Amino acid sequence: MSSLKYRPEIDGLRAIAVMLVVIYHAGITLGGVDIFPGGFLGVDVFFVISGYLITKIINRELDAGNFSIIRFYERRARRIIPALTAVLFVTGILCWHFLPPEPFVEYGKSLLSTVSFVANIFFYLQDSYSAEASNLKPLLHMWSLGVEEQFYLFYPLLLMLIAKMKKGNRGVFILFALSLAACEYLSHVDNDFNFFMLPTRAWELLAGGMAAIYENELKRMVASRSIRHWLLIGALLTITLSSIFLSESSRLPSLQAVFLVGFTACLIIFADSATIAGRIIANPVAVFIGLRSYSLYLWHQPLFAVSRTALGRNLHNSESLALIGLCLLLSDLSYRFVETPFRSPKGYSRKSIFVITAASCLASVLFGTVIIANKGLDMRFPAVKNFLADYDFGYDAYKRDGYLSLAKQSGIDTSKAPALFSFNNAEGYTLVTLGDSHIRTLNAPIITGRDNLPYISALAPMDVSSGLFVLGLDVARDINVPQQTLGIEKKNVERLERIRGLHNPIVIIGSRLPLYLSAMRFDNKEGGIEEGDDHFGITIDTPSGKRRATTAEVVAAMRQTVDQLLNMNCKVILLYPIPEAGWNVPAKIMLETRSLSADATRAYLSDKTRVATRYSVFKDRTHEAYEVLNAVGDNENLLRVFPEDVFCDGQLCYSYGETTYYRDDDHLSYQGAQRLLDHIAMKMQGQWPRLQSYAAKE
């Protein structure tokens, strides 16, 4: 098995990279500000190091004529699988104890994607609006492992091909240039794809590869010790300043990361004991951490994420520092007793390694499948299982398969038109749910309770995640990058055209307007701070490009939108903001009652004020949204519905009663949506008493 001359500088560089990532995920702040908002760039440094080392090893064996694909993957298995298996085992135990059913299902899915090395694809495909916040996902960091392993599927073959070609090294440069160009382009178009996927990350690994290929030439070109000295000092400053002054809003990776990647390659090539920078990064503490960097990387995210879930809040600095200490201890144990023994072929043969790999992957697949198939194993919370029964029923019905399944249960024929649910009354009104995932929660109660709406002939769900329905405006996932919108403006035009073809439409417009207007997640001022990575905001097109829309512009657009619907002979129900909880209500109830006796649990559930939000906080949060909606002129075909009338009493807004009203921290549960729908039905009959004349005849 080929080996390279040991270089402590590379382990020191690994230590810098992993500590940047760990501190970033720990959320350590100074004066309320993250100390390393760009700490995630440590992964970029890791990619360059990996590309360099793999290229050196493969090319050395190719030059010696003894390269073996089987041996290459054996080394990868020895390096990756044992420590990964240990971490996944412990993480599974922690998640079993602390994750509520829905996050546990997501964990199960991420577990399957991790052991199949497609975690990056899994997390890319998630809806960032409705999915769990990234700092609550125990296996989110496995995305980088997916990128590397996908890269290693083709890279050895590429190097084998290059070894047989004259000037074949140009192929690495061409792929590097293509990947970098794609990365820069997609950083403006789809930054999630850009961040998670191999085609736009390969250039960083290939930069390390080119550093290995052209190392000798570059050393000859930069022979001056003085130039090397300042080059390496600049490299250390670039990594440090990038981690301080760049952030998630910086459109990364992109050309902005070229200097970081290039200087990382310079450190790898030129740093040695004869340079000041080399001696700095090769200090004993850094080398100690660097040798354990893989295990440290594996351990940190599960411990941080599960701790946040168990506490129901973000970590304090002292807690984060204590967990970092625990991560360092566990990584040392992993390095000594798991990583090191398995790397040696003397201890475990090739056959043993492949058997262990297959067995650990199979065990993870079985565990993940059981979690998913049993909907998060809610029997882990027996004291509140009945209280929370079906709290998420119907929410995911917006997906095509979910709709068909729910429709089949309700005996509804969906063959006439896609996403149009025809009821028994052919002459009544078509009810349209128009907006985002807050309006989506009404769909299942409408379908299952259609007998209570005898004047409704069909349901046309037109809900889109983050789908604010205000014509002429769009939504940006991060308002700090208003150019990257979700394409809602185009979808709204399509939804409007579809409404034109419906029979007697009654349109319920609803959305999480306070979030879009403020671009801030909800803080209930009592410890319930909504987790979330994105700062959704409303954008408008201008001659100079997209920018954040002002309140006055949203008011004008909302008026025009409602007027256009009314002019199309629609009846319009303007749904005001649904109170947000701040806490993940089911999760909070499950975790706070888990160790209580049956009597204590009943006492907990009987006190509705335990998980309530002050009405004054709700009014402060929604005042701008009310301003926008109140500006819409009155009309006999316009009905205003206030969810606060259902969930608030002037003092508090309640999260549960006989059952939970919320499925998470802001979306209504099936039962909560049913309460709101009953209120809407009552208001409709009061505003439009002639609706009953359209009731289906028995």
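The legends below describe close-up views of a predicted model.

View 1. Rolling a probe the size of a water molecule over the atoms shows where empty space is left. Strand E7 (505-510) and strand E10 (571-575) each contribute at least two residues to the lining.

**View 2. The open sheet that contains E7 and E10.** Strands of a sheet pair through backbone hydrogen bonds, either parallel or antiparallel. Here 6 strands form an open sheet with mixed pairing, in the order E3-E5-E4-E7-E10-E12. Strand E3 (421-422) and strand E12 (638-641) are the edge strands, each of which pairs on one side only.

**View 3. The pairing of E10 with E12.** These two strands, E10 and E12, run in the parallel sense where they pair, and 4 bridges join them. Within this region, isoleucine 573 stands opposite leucine 639, a residue of E12.

**View 4. Helix H23 and the residue that follows.** Helix H23 covers residues 551-567, 17 residues in total, and spans 24 Å from its first C-alpha to its last, which is close to the 24 Å expected at 1.5 Å a residue. The buried residues of H23 include Val554, Val555, Ala557 and Met558, and also Thr561, Val562, Leu565 and Leu566. After H23 comes asparagine 569, which has a positive phi near 65 degrees.

Key: Residues are numbered from 1 along each chain as its sequence is written. This is a predicted model: local features need pLDDT of at least 70, side-chain atom pairs count only at pLDDT 80 or more; totals for chains, interfaces and linings use all residues. Side-chain values use heavy atoms; hydrogens and water are left out. The expected span of a helix is 1.5 Å times one less than its number of residues. Buried means under 20% relative accessible area, exposed over 50%, partly exposed in between (1.4 Å probe, protein chains only). Two strands pair if DSSP finds at least two bridges between them.
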